[in-house]
Amino acid sequence: MSLVADNIISIQKRVASAVARTGRSQESVKLVAVSKQVPTSLIKEAFEAGQKIFGENYAQDLRDKSRELADLPIEWHFIGHMQKNKVKYVAPVATMVESIDSFEIADAISAKATRVIPCLIEVNLGDESSKAGTSCEAVFELATQIIKLPNLKLVGLMALPPYFDDAEKSRPYFKTLSLLMKEMNEKLSLNSPLTELSMGMSHDFEVAIEEGATIVRVGTAIFGGRQ
Ligand SMILES: *Cc1c(COP(=O)(O)O)cnc(C)c1O
């Protein structure tokens, strides 16, 4: 078996045991294999090992890879920052956009989409200037605007907290995102409540699952280190 296939199987097992510890159903957590900078040959190996959802963070890469792998029923999540002129590469192929951080981008995606695309608002939990995402305060107003758009369906929140070697240090950030979604569900009059929390990466996805993640985004632990 290939290394990537081995990794997929071992990460899927670790996801499953973390989910089991929470008492939630196995279907309640999805693994996104983050394939940024990874060639399509390896994406194919991961797919053949049973991985169905892949995440890309550059619009053109998403367009190119989804074209190359068009014969496989892959679900593509867009997880990166996007410029308005790149929306046209993402809207036709993304099964979910996890990284909405402004109304301008949300509006542009909705305008270019030919179906309703589920989306998440990216929240900058650590208020880090190096990272994309909206602030915890601005998220309420942004959600209120997004739910009016015809071709986007807001289903939850995504975050990329500050990096710590010790995964336990990420836990308070995961708790904050979970509480923020709860507060949004209480304060905003949404037709259907937000349910998705995309949080947790290679080094801390188990802690994220314990704190309520429904989507974990794992790159390095599947495909190895990047440049
Ligand atoms: C790269 C990336 C990941 C995956 O990070 P790893 O540490 O390689 O697992 C997850 N989410 C986003 C938004 C990313 O850009």
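Over the ring of which residue does the charged end of R63 sit? The charged end of R63 sits over the ring of Y89, at 4.3 Å from its centre, where a charge counts as sitting over a ring if NZ of Lys or CZ of Arg is within 6 Å of the ring centre and within 35 degrees of the ring normal.

This is a predicted model, in which local features need pLDDT of at least 70 and side-chain atom pairs count only at pLDDT 80 or more, while totals for chains, interfaces and linings use all residues. Residues are numbered from 1 along each chain as its sequence is written, and side-chain values use heavy atoms, with hydrogens and water left out.

| Charged residue | Ring residue | Distance to ring centre |
|---|---|---|
| K52 | F47 | 4.8 Å |
| R63 | Y89 | 4.3 Å |

Helices (H or I, at least four residues) and strands (E, at least two) are DSSP runs, numbered from the N terminus. Four of the five residues of strand β1 (residues 30-34) are buried, so β1 is largely enclosed by the rest of the structure; buried means under 20% relative accessible area, exposed over 50% and partly exposed in between, with a 1.4 Å probe and protein chains only. Strands pair if DSSP finds at least two bridges between them, and β1 pairs in the parallel sense with strand β8 (residues 215-218) over four bridges, L31 having V216 as its bridge partner in β8. Two bridges also join β1 to β2 in parallel, with A33 standing opposite F54 of β2.

Together with helix α2 (residues 40-48), β1 and β2 make a right-handed β-α-β unit; right-handed means that, with the strands pointing away from the viewer, the path from the first strand over the helix to the second runs clockwise.

**From β2 to β3**

β2 and β3 pair in the parallel sense over four bridges, and F54 has W76 as its bridge partner in β3.

F54 lies in strand β2 (residues 53-56) and W76 in strand β3 (residues 75-78), so the pair ties together parts that are 22 residues apart in sequence. F54 is buried at 0% relative accessibility, and W76 is buried at 4%.

**Nonpolar cores**

A nonpolar core is a set of buried Ala, Val, Leu, Ile, Met, Phe, Trp, Tyr and Cys residues joined through side-chain atoms within 4.5 Å. The largest has 72 residues, and V97, I109 and L157 have the most contacts inside it. Helix α1 (residues 3-22) gives the most to this core, with seven residues.
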